[in-house]
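Please keep the sequence and the model at hand while reading.

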Amino acid sequence: MLFASFPFILVYLPIVIVVCIALQRLIGPKAAQAWILAASVFFYATSKPFNLVLIFASILANWLFARWIERTEQPIKKRILVAALVANVVYLSTFKYLAFFASLFAFAFPRGYSVPALPFPLGISFFTVTQIMYLVDCYEGILTSGTLFDHATFVTFFSYVISGPLARAKRMRHQFGQFGGQSDTRMENLARGFFHFSMGLFKKAVFADSFARVATFGYNSTTQLSPFEAWVFSVAYALQLYFDFSGYSDMAIGSAMMLGIEIPRNFDAPYKSKSIIEFWQRWHISLTNFITSYLFTPIVRSFKTKSLLNSTVAIFIAMSIAGLWHGAAWTFVVFGCLHGAYLGINQFWRKKKMPMLPAFLSWLVTFILVVIAFVYFGAQTVGQGTERVIALFNPTNAFGYRNLGMMSVEGVSLHIYGLPLVLGGFAAFLGPSSEQLARDFRPSALNCACAVILTIVAFVFINSSIPKPFVYFRF
Amino acid sequence: MSASLWLAMTLGLIALLIGLHILLAWRLDLFGICRDPHGRTLITSEHERKAKYLLNQAYVPANFDALIIGASASVNWHSNYFTGYRFYNESIEGGDASEERRLVEQALPQGHFKVALVALTPRVTALHILQDGFDQVTRTEVLGSISSLGVEYDAVMDRIHPHPPTYFPDGSHNLPVHAPPKPNFTGEKLDPGQDPEAIGDYRRVVEELMVHGTRIVYVAYPFYGPAYNYNKDVIENYMHFAATEMPPAPIIDFNAPEYAAFRNDSTNYLDEIHLSPTGADKLCRMLNERMHEALHDQ
């Protein structure tokens, strides 16, 4: 079930909220939590019921590992943690990376034989990572293993189970008594949550899908793109990604807020960043936190000496792993490596106190580097990504626009998508983040008009047989 | 304003606006889906694909007993030149065989079509792209979607500022008129490549019509004289290919020598294949005669 679909918005979400509030008020917090667990299981099962077996196997195994860690002393405790982490990586790799890694060793297999790619359960990357964080937190004594009921509720919560944000158990579990909200803040949470959800819905259904049309047209073009066109289509893809994923995150945060639960924020106007370090503080923030705490820091600690070079190497390794986390393809590895290199250079620049660029130039360089990395993110192969990057800098026919001219003929009707494209561009580069808007939310007539307009226009787009699935569903 | 009042106002307004639009859409029923479409005159607009898809579900089967199947070169073939049958023109701009099949399949379950004129031209089977979200159209789009709002907007604007109709209830529409092609105009060289999937779709739509008792007459679009000479090999190969690939039925070939006078008259054309209003009128009259002869001989 997609967030940006009528079954979710008009049936699932209202029923979940109304019943949850009723149970919280009439029976108590445990009943409300049980309802959320049941609703989340149903939500997850709608994709493929068999996936429930896989996610519950992972939940049970990790909970048992956490209990074991809790009851054991060093050095056994550390060995159990390592075993649990290895088990999670193997579990994730079996479904997501087995065929990819096997292809690296194709020479070792009989001729013509290849390891089939297994269909992986939705959100496996997300729920595996959240449980890795849970295990490490239990190991470090920040968190108790809790009950299986709490752990299952934490992992399966429908707001983030499929595409994040990556939540930490220690930030979530203490809120489980508040499912359905508390009487003094319930209506405010509902209003603020709905406002946030409507922004996310609009970003996904209107902005992301409009930019997707342009990017898809450009990348499917059979004729050579001029550099001007290549930039237009690459920027369109970068904006599609941003609105797609940040829209999804807004809907996740909004729907959780309507239930009285606060989940981590994920985006903070990333295309306004003036450095790559700042970009990662604003883009997929929950993943950045995971990379920093659970990849970069342990790698740095593993070096015997602390130096700028070691730190740069650690960033590069951490970002390469993060790149691969996005998908089993070299394109994602290149994406991660590029960002690892960018971050390394950025860190070096800062530590050596090299001259600061003017603000606009800093922003422009950052954005150009981000777009180049996203070119690989969206490509089918590294070769295709490289061709597209070369097209960005091809000196011949610099301002050709033949393909752009063909767009409207091929169904990218500018009288429909033109306004969303322009508004989306302004929102991404100049507007405040939806997180900020939701934080500043006050129940006013203006906000009411905004929510109504955003929702209705998004409904029209959803009902127009053009929606695309979330890009991040692949991960 | 309290949060509860805000929430009530917001949700209430959304429900009210959606409800009002559903009522309006039901009242206008621009695609003949909500109410009985018999005897109504419903037109398409720029949102031709989705409009025709939805019109074919009830309006076309209820009001027409013959079809014109083709691409943009036949969109301005108006049915008033045809006698004995009520033709609906399924042609769409930039359309291909797969899109035509999808349209006709909407109408077939309820329709009883006696005759179908099926265009033969290399371009119609060169691709099988379902454009404009055409592969995912649902009936709920009638209640409020980009295309339905576009059609509603056009309908309202037409009432405010009436102008001579461009789109017609028989599915045909006028093409923008401009100067005729120059005497040596050839247009682009035709791609001889044919798409097996598109050909399969075209063959199947004809077979499905035949199963429903529809009599088929193929019509080869007339190319403008110089363009025909420029592409003669491609067109002749294609006609041979079509004759072997498509189910057998009479063919009216407007590229045959007896129509050379028509094809060499540039005033009949807008470009190498699209006919001017004069050309379309002349062709439809000729086609009506040839069609009756072909059906008589069958």
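A:E435 is buried at a relative accessible area of 15%, where buried means under 20% relative accessible area, exposed over 50% and partly exposed in between (1.4 Å probe, protein chains only). This is a predicted model, in which local features need pLDDT of at least 70 and side-chain atom pairs count only at pLDDT 80 or more, while totals for chains, interfaces and linings use all residues; side-chain values use heavy atoms, with hydrogens and water left out. Residues are numbered from 1 along each chain as its sequence is written, and chains are lettered from A and ligands numbered from 1 in the order in which they are written.

**Salt bridges in chain A**

- A:E435 forms a salt bridge with A:R439, with 3.7 Å between the closest N and O atoms; the term stands for a side-chain nitrogen of Lys or Arg within 4 Å of a carboxyl oxygen of Asp or Glu.
- Both A:E435 and A:R439 belong to helix α19 (residues 434-439) of chain A, where they are 4 residues apart, about one turn of the helix. Helices (H or I, at least four residues) and strands (E, at least two) are DSSP runs, numbered from the N terminus.
- A:R439 has 43% relative accessibility and so counts as partly exposed, whereas A:E435 is buried.
- A second salt bridge in chain A links the side chains of A:K204 and A:D209, at 2.9 Å from N to O. A:K204 and A:D209 are both buried.
- Side chains of opposite charge can pair when their charged atoms come close.

**Salt bridges in chain B and overall**

- In chain B, the side chains of B:K52 and B:E48 meet in a salt bridge of 3.7 Å, N to O.
- B:K52 and B:E48 are separated by about one helical turn because they are 4 residues apart in helix α2 (residues 48-63) of chain B.
- B:K52 is buried at 0% relative accessibility, and B:E48 is buried with a relative accessible area of 5%.
- One network of salt bridges with shared partners joins B:R101, B:E105, B:D201, B:R204 and B:E208.
- Over all chains, the structure holds 25 salt bridges.

**Interface between chains A and B**

- Contact, meaning heavy atoms within 4.5 Å, involves 31 residues of chain A and 27 residues of chain B.
- About 2200 Å² is buried between chain A and chain B, and carbon and sulfur atoms give 70% of that area. Buried area is the accessible area (1.4 Å probe) that two parts lose on being put together, summed over both.
- There are 0 salt bridges between chain A and chain B.
- Between the two chains, 5 residue pairs are in polar contact, both residues being at pLDDT 80 or more. A polar contact is a pair of N or O atoms within 3.5 Å; within protein, one must be able to donate a hydrogen and the other to accept it, and residues adjacent in sequence count only if both atoms are side-chain atoms.
- On the side of chain A that touches chain B, α9 (186-220), α18 (414-429) and α20 (445-462) each supply at least two residues. The most comes from α20(A), with 10 residues.

**Cysteines**

- The structure holds 0 disulfides over all chains, a disulfide being a pair of cysteine sulfur atoms within 2.5 Å.
- A:C20 is buried, with a relative accessible area of 0%, and B:C284 is buried, with a relative accessible area of 0%.

**Position B:A25**

- B:A25 sits in helix α1 (residues 3-28) of chain B and is buried at a relative accessible area of 3%.
- Apart from its neighbours within four places in sequence, B:A25 contacts B:V142, B:L143 and B:E152.
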